[in-house]
Amino acid sequence: MGWNDMQPLLVQATQETLWMVGLATLATVLVGLPLGLLLALTRRDGLLQNAPVNKAVGTVVNVGRSLPFVILIVAIIPFTRWVVGTTLGWQAATVPLAIGAIPFFARLVETAVADVDGGLVEAVQAMGGSTWTVVRRVLLPEALPALVSSLTTTVIALIGYSAMAGTVGGGGLGTLAINYGYMRFETTFMWVIAAELVVLVTLVQLVGEGLARSLDHKRPATRRTFRRRVTPQISAAPKAAETPAREPELTGSTRV
Amino acid sequence: MITTSDLRKVYRAQGRPGSNPEIAALDGVDLHVRQGEVYGVVGTSGAGKSTLIRCVNLLERPSSGSVRVDGRELTALSPAELRETRRSIGMVFQHFNLLARRTVAENVELPLELSGLTRRERAARVAELLDLVGLADKAKAYPAQLSGGQKQRVGIARALAGDPKVLLSDEATSALDPETTRSVLQLLRDLNRQLGLTILLITHEMDVIKSVCDSAALMRAGRVVESGTLTELLEQPGSELARELFPLGEGEPLQGSTVVDITFQGDATAQPFISQLARTYNVDVSIIGAAVETVGGRQVGRMRVSLPGSFEENVVPIGYLREQGLQVEVIASAESRRSAGWGSTQRGTTGVGTRPERSRAGARAEGAA
């Protein structure tokens with residue numbers, strides 16, 4: 001099988017993969033972001049502390065995360081048919097991809113939001129900000145670099161899942177690899193597809209990392225060292241250790 | 001301007017069955033801050049001062065008691081009214097709490113965004129505020145690019161954005177080096193004078209009280225054990241705050257002598273009372289410790305002197321010093337030490353009087369004096 005045979009197949013499969021990953025990412029953000037925010041806010045010592053809600057949402061998320069993806073695809077076939085009208089092709093694969101990624105992303109969002117310094121939340125509350133103000137002006141903007149990193153991780157996971165969906169007729173590069181590379185023993189073709197996936201993942205990682213870095217103003221922009229974020233307050237506060245221990249704060253965590 | 005009465009805050013300790021599960025961070029605090037003054041609350045870690053200041057704008061809701069700021073009872077307000085009221089109470093924090101992803105100007109602008117001003121009005125106000133704190137050239141910088149002192153100035157500018165009547169300062173200088181601390185305190189003092197801003201600050205540094213405060217309160221174990229204007233405190237016999245403001249050391253008193261602390265302020269500082277005393281009564285005065293400082297804009301001094309003989313022998317010279325408008329406190333005397341016995345007149349048990357390490361001067365002849 002020569003390059004000329006491979007090329008049209010590759011182009012179409014790549015388009016399909018991009019479509020399903022793209023649409024699934026969109027759905028994941030639309031649902032996972034509010035869900036993760038809800039988890040962070042209803043946590044203990046959260047702004048809207050609410051144990052029953054947190055437990056309920058947390059359980060759903062945990063169940064979603066523990067189901068093996070291949071099982072998930074099969075398990076939600078009726079739902080998939082109801083949403084897109086088919087259970088084959090990339091359109092059908094988009095549904096389980098999104099369902100699988102939402103709980104994953106929600107947990108990452110929860111962590112990113114809960115990592116925002118509780119002092120910032122207090123500062124905005126002290127100036128008369130409502131919970132919504134805190135979410136909109138503090139939690140989401142301050143967590144943005146971490147959210148972008150989380151999304152990068154999620155998209156990469158989605159690319160991997162999409163290849164897996166291909167094995168059960170989900171279309172895209174995964175189907176191509178199974179149908180040609182595995183079943184027809186076109187080993188070269190399989191390596192080409194694998195290489196393309198590697199390139200795809202690397203690109204997403206690079207773009208995501210770069211974006212997250214450009215959004216992060218936590219360290220002085222002039223010095224880009226290899227060191228990871230040094231919490232600026234601490235480096236600027238040699239006496240911080242002597243100062244009195246504070247009463248428990250909302251989420252008084254500092255990043256390293 | 002700020003009045004708390006019988007303020008209590010009780011925390012529930014987690015997971016220690018058997019032991020008392022409740023910890024009182026505030027145990028009936030009455031605080032009165034007058035309009036236009038700088039009021040400092042000092043205390044060691046865990047004394048409850050942080051909880052206290054956070055109760056004043058209800059970041060922490062007190063378990064019971066009342067908080068009145070500018071005539072409004074905060075604990076009775078609805079959430080919306082509380083948010084409205086908080087806009088007239090500025091607050092600065094130990095760790096600045098600036099948003100890392102907003103520039104200096106955008107940080108200062110934040111409270112203005114909540115109050116619904118137009119973009120142009122906000123920009124004008126931000127420029128004005130940055131000018132006030134001396135950071136006009138840093139408007140476009142991010143907090144990570146600033147020094148600690150600069151960050152706190154941004155914090156102060158932000159706290160002032162809503163034109164507050166009251167500024168709360170939660171250990172605002174505790175993360176700064178001494179020199180930066182001085183300049184930030186100077187700024188607070190200037191704002192207090194220029195804008196008539198009432199400032200309530202908490203700190204664990206006596207120097208902060210000394211350099212900017214008009215009044216002070218000492219907290220211990222959730223209670224205010226001493227409070228008043230600095231002048232009052234210095235005049236008050238046995239005041240722990242006064243002693244902290246003027247540490248005179250713990251020099252061992254000479255055998256068979258009477259040790260007195262003399263506090264003088266205002267006009268009395270100019271009097272040569274020691275030499276007058278020596279000349280008039282022919283006593284040999286030895287100075288054990290002395291300090292003269294400016295407290296709250298007034299010249300104040302404190303001196304610990306030793307007079308030969310027992311208290312009874314020194315009644316007349318001490319009376320003379322009192323006549324000069326000096327405040328005299330007898331710390332120890334040869335006679336009363338023997339008769340009163342060790343520790344019998346200690347007031348340490350109530351937490352008001354002597355510190356433990358001072359208890360060897362237990363025969364404080366307060367009653368006699």
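A residue is called buried if 20 or more other C-beta atoms lie within 10 Å of its own, exposed if 12 or fewer do, and partly exposed in between, with C-beta atoms placed from the backbone. By this count, buried residues make up 39% of the 256 residues in chain A.

The model is predicted, with local features needing a pLDDT of at least 70 and side-chain atom pairs a pLDDT of 80 or more, while totals for chains, interfaces and linings use all residues. Residues are numbered from 1 along each chain as its sequence is written, and chains are lettered from A and ligands numbered from 1 in the order in which they are written.

**Figure 1. Confidence in the model.** For the complex, the predictor gives an ipTM of 0.77 and a pTM of 0.78. Chain A has an average pLDDT (the predictor's confidence in each residue, from 0 to 100) of 85, and 85% of its residues score at least 70. Over residues 221–256 of chain A, however, the pLDDT is below 50, although this stretch has 46 contacts in the model beyond near neighbours in sequence; two residues are in contact if their C-beta atoms, placed from the backbone, lie within 7 Å. Chain B has a mean pLDDT of 83, with 86% of its residues reaching 70 or more, and its residues 336–369 stay under 50.

**Figure 2. The helices of chain A and the annotated spans.** Chain A contains 10 helices and 0 strands, where helices (H or I, at least four residues) and strands (E, at least two) are DSSP runs numbered from the N terminus. An unreviewed UniProt entry lists residues 14–208 of chain A as "domain: ABC transmembrane type-1"; this span is 84% helix, and its end C-alpha atoms lie 20 Å apart. UniProt, again in an unreviewed entry, gives "transmembrane region" for spans including residues 20–42 and 188–208 of chain A. UniProt positions are given in the numbering used here, feature names are shortened, and annotations may be inferred rather than shown by experiment. Residues 20–42 of chain A are 100% helix, with end C-alpha atoms 32 Å apart, and residues 188–208 of chain A are also 100% helix, with a corresponding distance of 30 Å.

**Figure 3. Surroundings of Ala106(A).** Ala106(A) lies in helix H5 (residues 89–114) of chain A and counts as buried because it has 29 C-beta neighbours inside 10 Å. Leaving aside residues up to four places away in sequence, Ala106(A) touches Gly32(A), Leu35(A), Gly36(A), Leu39(A) and Val61(A).

**Figure 4. Packing of H7(A) and H9(A).** Helix H7 (residues 131–166) and helix H9 (residues 187–215) of chain A pack at an angle of about 170°, with their axes 8 Å apart; axes are lines fitted to C-alpha atoms, for helices over the stretch in contact, and angles run from 0 to 180 degrees between N-to-C directions. H7(A) is therefore roughly antiparallel to H9(A), since angles over 145 degrees count as roughly antiparallel, under 35 as roughly parallel, 65 to 115 as roughly perpendicular and the rest as oblique. The contact has 15 nonpolar, 4 polar and 1 charged residues, where Ala, Val, Leu, Ile, Met, Phe, Trp, Tyr, Cys and Pro count as nonpolar, Asp, Glu, Lys and Arg as charged, and the others, Gly among them, as polar.

**Figure 5. Crossing of H1(A) and H8(A).** The axes of helix H1 (residues 3–42) and helix H8 (residues 172–182) of chain A come within 6 Å and cross at roughly 140°, so H1(A) and H8(A) are oblique to each other. Residues of H1(A) including Leu9(A), Ala13(A) and Met20(A) meet residues of H8(A), among them Leu173(A) and Leu176(A).
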